[in-house]
Amino acid sequence: MTSDFVVSKPLAANSVEPNLRSGREYKESLRDARSVILKGKEVEDVTAEPTLMRGIETISAYYDAQFHPETRDDLTSVDPKTGQRFSNAWLVPYNKEDLYAHERTIRVSTAQTFGVFGRPPDYGSTKAISFVAWNHLISQGDPDALARIENFLEVGRRNNLLSADIVVDVQANRKLAANEMKGRLRVIEERSDGVVLSGAKAGNSAFAQGNIGTISMPPPAQNLPEECMIWAAVPANAKGLTLLLREPLTSGREDEDDHPLDSLGEEADGILVFDRVFIPSEYVFSYKNPVTSNIYNTLGQFAFWKIATRLSYRAEIFAGAAQMIVNALGTDHIPAVRAMVAEVIQYAAILRGMMVAAVEQAKPTESGVMLPNHTFVTAGRLHAIEHYPRIMQTLRELSGQGLISRVPRETWERPDVKALLDEYLPGHAVSAWEKNKLFNLIWDMSCGPHAMRVALFENINATPAPALREELYRSYDRSSGITAIKKRLGID
Ligand SMILES: Cc1cc2nc3c(=O)[nH]c(=O)nc-3n(C[C@H](O)[C@H](O)[C@H](O)COP(=O)(O)OP(=O)(O)OC[C@H]3O[C@@H](n4cnc5c(N)ncnc54)[C@H](O)[C@@H]3O)c2cc1C
């Protein structure tokens with residue numbers, strides 16, 4: 001058994017693969033007396049709460065897939081030193097092969113949920129990996145940070161932990177300076193063996209269904225007090241930590257045919273309140289280090305790539321969905337309809353192309369970690385989120401009445417209507433029932449409350465469009481263009 005601050009529930013190592021956990025073991029790890037409040041009530045066991053359970057089952061299938069011969073090599077790698085497998089979520093990329101391994105993992109997890117879980121287990125602790133990547137910067141203010149991060153990565157890897165991202169501060173009056181915001185997470189006590197945190201953080205997607213959170217800071221704020229400059233890891237059951245969940249968007253009772261995506265459950269978001277939460281020094285990765293508080297866009301690079309890569313695989317699914325709609329309706333011969341499908345294809349092809357280019361042009365950082373090309377990732381992500389609403393609208397447009405003529409399975413199965421529906425509603429080379437199921441999927445993808453939450457997530461998680469534009473302006477190298485123009489015009 002492993003006993004460690006961030007391992008909220010120590011379990012015996014898996015008998016087949018000591019660094020991996022099965023779905024059953026993952027679920028067991030969540031029964032750790034964490035404090036979660038949903039609709040005014042304490043959730044005693046998140047694995048038994050209907051609106052969290054389905055999402056947990058979905059994640060649990062991911063954990064099981066780590067052992068499955070078909071997906072094992074996509075989700076895990078073998079440590080050459082020990083010969084043991086470990087989750088790619090915790091793989092620090094040192095070469096392109098490692099990035100390809102991450103890509104394979106993201107492809108499998110995106111296929112599992114169609115990408116509606118933005119913080120699947122393979123997201124890992126991207127921030128911790130970034131710390132290794134940018135250690136040459138961070139070590140200027142804190143030479144010992146790397147040792148602590150490497151220990152965390154080792155513990156996360158050994159225990160196959162699911163980490164949420166705890167970044168953004170709670171929303172209050174944005175006219176206030178950072179030091180005036182009461183809710184801003186800060187160290188309120190420094191001890192010889194660690195720090196005590198109070199305040200709150202927003203978002204925290206999948207924290208209720210995960211094991212740990214990696215705390216970091218959003219982009220620099222003016223007058224950021226030193227006590228707010230904190231990067232750390234915290235287990236979901238830390239004393240003094242309470243997660244206030246938003247209202248659920250799925251019930252946990254959705255029929256698989258009626259709701260092919262919503263029946264997989266959802267990733268829960270919420271406000272995380274820290275009431276004197278103690279973090280031991282070994283899990284405080286950075287404190288009062290102004291370097292880390294000013295390089296959010298640098299430290300986020302690996303996470304941004306993973307997010308955009310997931311979206312690029314989602315986009316391929318959107319292109320497939322658009323084609324299946326027009327095939328089912330027999331509208332694929334209409335030029336205006338084909339043009340709409342082409343728009344979805346264009347969205348997918350550009351995004352995927354950007355991600356391929358980002359990996360092909362990956363370079364090692366000064367600290368030796370291989371990171372995809374940041375410009376391509378940023379431009380690709382901006383493309384993805386700017387066009388996302390239009391792509392969703394295009395799927396709706398292509399569907400016509402299909403989205404509201406969906407008949408629930410229980411109605412369909414009534415003897416007095418089944419034969420009639422089977423006869424009246426078939427599509428082009430597709431049965432009426434198959435067509436019904438297709439539009440159920442499109443509904444979950446583009447119309448339902450959960451689809452809206454996913455759209456909000458894609459739009460804003462890990463920095464919204466304005467920040468991406470600013471980052472492109474800051475980082476894009478236009479020197480060759482400027483030099484060419486100056487030379488042509490004879491300007492110095
Ligand atoms: C579904 C969902 C899940 C999320 N999950 C997580 C998570 O797991 N972890 C996490 O840390 N965060 C998470 N977030 C939060 C997300 O990171 C933030 O919402 C995002 O970074 C924007 O910050 P904010 O909400 O505090 O915006 P605010 O600062 O409150 O601003 C509100 C809006 O004003 C505009 N605005 C504000 N400042 C500027 C500016 N300088 N330039 C241009 N426009 C501006 C933008 O339109 C912005 O959306 C999640 C959000 C959603 C919707």
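**Exercise 1.** State which residues UniProt lists for "domain: HpaB/PvcC/4-BUDH C-terminal", and describe that stretch.

*Solution.* Start with the record. In an unreviewed entry, UniProt lists residues 307–488 for this domain. Positions follow the numbering used here, feature names are shortened, and annotations may be inferred rather than shown by experiment. Residues are numbered from 1 along each chain as its sequence is written. Next, note the source: this is a predicted model, where local features need pLDDT of at least 70, side-chain atom pairs count only at pLDDT 80 or more, totals for chains, interfaces and linings use all residues, and side-chain values use heavy atoms, with hydrogens and water left out. Now describe the stretch. Residues 307–488 are 75% helix and 2% strand. Helices (H or I, at least four residues) and strands (E, at least two) are DSSP runs, numbered from the N terminus. The end C-alpha atoms of the stretch lie 41 Å apart.

**Exercise 2.** Describe how domain 1 and domain 2 meet.

*Solution.* Second, count contacts (heavy atoms within 4.5 Å). Here 46 residues of domain 1 touch 46 residues of domain 2. Third, take the buried area, which is the accessible area (1.4 Å probe) that two parts lose on being put together, summed over both. It is about 4000 Å², and carbon and sulfur atoms give 61% of that. In domain 1, Leu-99, Glu-103 and Asp-257 lose the most area to domain 2, together 14% of what that side buries.

**Exercise 3.** Find how many salt bridges the structure holds, and how many join the two domains.

*Solution.* Begin with the cut-off: a side-chain nitrogen of Lys or Arg within 4 Å of a carboxyl oxygen of Asp or Glu. The structure holds 35 salt bridges. Seven of them are between domain 1 and domain 2. Asp-255 and Arg-409 also pair this way, at 2.5 Å from N to O. Then look at Glu-254 and Arg-54, whose closest N and O atoms are 4.0 Å apart. Glu-254 lies in the loop between strands E10 (241–245) and E11 (270–280), and Arg-54 in helix H2 (residues 50–65), so this pair ties together parts 200 residues apart in sequence.
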